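Thank you all for making time this morning.

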Amino acid sequence: MTAPVLIPVLGDQLSPDLASLRDVDRDEAVVLMMEVWEEATYVRHHQQKIALIFSAMRHFAAELEEAGWRVEYTRLDDPDNAGSFTGEVARAVERHEPAEIRIVEPGEWRVEGAILEWADKFPCPVVILEDDRYIASRAEFAEWAEGKRQLRMEFFYREMRRKTGLLMEEGQPAGGRWNYDAENREPLTSALLVPPRPLFEPDAITRDVLKLVAERFGDHFGELEPFRWPVTRTEAEIAAEAFLEQRLAAFGPYQDAMLEGQDQLYHSLLSTSLNLGLLDPLDLCRRAETLWREGRAPLNSVEGFIRQIIGWREYIRGFYWHEMPRLAEANALDARRPLPEFYWTGETDMACLADCVRSTASNAHAHHIQRLMVLGNFALIAGIDPREVEDWYLVVYADAYEWVELPNVAAMILYADGGRLASKPYAASGAYIDRMSDYCGTCRYSPKVKTGEGACPFNPLYWHFMVRNREHLQANPRIGRAYSTWDRMTEARQRDYLESAEAVLATLEPASPGWARAADDA
């Protein structure tokens with residue numbers, strides 16, 4: 001019998017057109033899929049996140065088998081499970097003596113480091129293929145970034161528009177503008193007219209996974225059930241079609257809005273399916289573009305959705321690989337304060353933060369403005385240590401993989417890279433949250449009270465952040481003018497802000513060890 005090709009498929013590579021599955025004789029290949037302890041626990045992922053990935057993997061394995069592939073699938077509770085990708089590949093190499101190992105490049109730096117060692121560990125060639133499910137390759141991004149001191153997404157996005165032809169007319173952007181973000185900042189007063197997203201009842205495969213997760217990971221953050229994520233290609237397509245037909249039209253103007261207790265609004269919630277490989281990002285964008293061209297969705301909504309995918313998503317991946325490994329250690333503002341316990345418990349009188357943590361625990365999801373301008377903004381202006389914030393985001397969100405989480409948190413939220421990604425820190429007082437949400441109406445703190453008793457903590461913390469980072473930020477033209485406002489204040493007013501901020505910071509109870517990582521790894 002001819003030695004087979006061994007094809008490891010990772011948990012975020014669940015695409016039937018994956019490069020490693022092309023141009024291979026199915027009769028001479030073994031697909032290897034692995035649930036391993038190392039990946040489930042390198043941080044203590046949200047229970048729903050683990051369940052989502054394992055269930056999607058098991059469904060994809062069944063899909064491949066139905067298509068005629070020979071699949072060997074190692075479950076987490078297999079007594080012979082080696083516990084790591086390398087260990088499981090070693091067992092498969094011993095079983096099959098393959099002619100070669102053929103794998104698509106992984107999404108994370110840590111995993112690639114392990115794969116690059118395989119050539120020395122195993123007695124067969126290891127072929128690592130480009131992940132061409134992305135529009136821009138790593139090399140293409142590196143070429144674009146070469147020689148640039150600042151890497152701005154907007155300019156990369158325009159290159160992706162030109163490359164794909166999306167929303168282009170005779171070489172120019174449709175409507176005469178590249179970006180309609182200025183039209184997409186409307187508050188929302190009611191969610192009554194928001195169509196509900198499809199919810200998917202767990203099948204037998206998913207129920208088995210939920211039982212496993214409850215037994216093995218029941219002490220991890222978050223609620224396991226109800227579990228309603230799409231875990232198959234068919235379910236993901238149903239979710240995508242529902243968004244495109246029912247919510248895309250209103251997505252644009254209300255994408256930054258927040259309402260207490262309303263966890264979906266007009267957002268797609270398709271990032272989990274995109275990042276697992278269940279949906280084709282370019283196909284989604286073309287379908288959205290078609291709706292605009294047919295007059296069924298406005299340009300500002302369609303452009304905003306497409307920008308999130310071919311702009312932000314592609315850019316973030318390229319930025320991650322271009323900036324690693326230094327990005328993982330970045331702390332340009334020297335933030336050292338421990339992550340507060342309320343990020344895990346939700347026990348805070350700040351209504352906005354309490355609601356965002358509640359949604360995160362219940363759903364393994366919060367939308368991008370909740371992540372950036374509430375949870376992230378507080379971490380930024382309070383000076384929370386980047387590593388602790390990065391771990392938190394990686395743990396709690398079902399769509400979080402390091403390639404997408406780390407740049408968003410380190411560079412976009414915390415400005416820890418010193419401005420390579422963002423043109424300014426996204427620091428804001430309570431006024432922004434009041435304008436874009438209804439949180440402040442039920443909060444014990446008021447955004448209109450600037451200091452002292454009853455003041456929204458975001459207000460004094462904003463100025464505390466600005467003052468302690470003046471040396472880093474004053475020359476920034478997008479934020480430097482704030483210092484003119486500070487300098488016009490009386491000394492007494494300045495003192496009120498700083499003392500109020502210190503009083504807030506003194507109340508922040510550090511998180512107990514063991515939430516994000518095992519206590520001996522923390």
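Predicted model: local features only at pLDDT ≥ 70, side-chain atom pairs only at ≥ 80, totals over all residues.

Let me start with the second largest pocket, whose lining has ten nonpolar, six polar and six charged residues, where Ala, Val, Leu, Ile, Met, Phe, Trp, Tyr, Cys and Pro count as nonpolar, Asp, Glu, Lys and Arg as charged, and the others, Gly among them, as polar. Residues are numbered from 1 along each chain as its sequence is written, and side-chain values use heavy atoms, with hydrogens and water left out.

This second largest pocket holds about 450 Å³ of space, and of the 22 residues that line it, M350, Y445, P457, V504 and T507 are the closest to its centre. Its largest share of lining, three residues, comes from helix 23; helices here are DSSP runs of H or I with at least four residues, strands are runs of E with at least two, and both are numbered from the N terminus.

As for the terms, on a 1 Å grid over the protein atoms alone, a cavity is a set of points where a 1.4 Å probe fits but cannot get out, a pocket is an open set with protein on both sides within 12 Å along at least five of seven lines, and lining residues have an atom within 4 Å of a point. Grid points are joined across faces, edges and corners, and a volume is the space filled by probe spheres set on the points.

By this rule there are five cavities of 30 Å³ or more. The largest cavity has a volume of about 360 Å³, and among its 23 lining residues G11, E39, I53, F85 and Y401 lie nearest its centre. Helix 2 gives the largest share of that lining, five residues.

E97 follows helix 3 and has a positive phi, near 45°.

Finally, I135 sits in the loop between strand 5 (126-129) and helix 6 (138-145) and is buried, with a relative accessible area of 13%. I135 lies 145 residues from D280 in sequence, yet their C-alpha atoms are 10 Å apart in space.

Terms used: Buried < 20%, exposed > 50% of the residue type's maximum accessible area, 1.4 Å probe, protein only.
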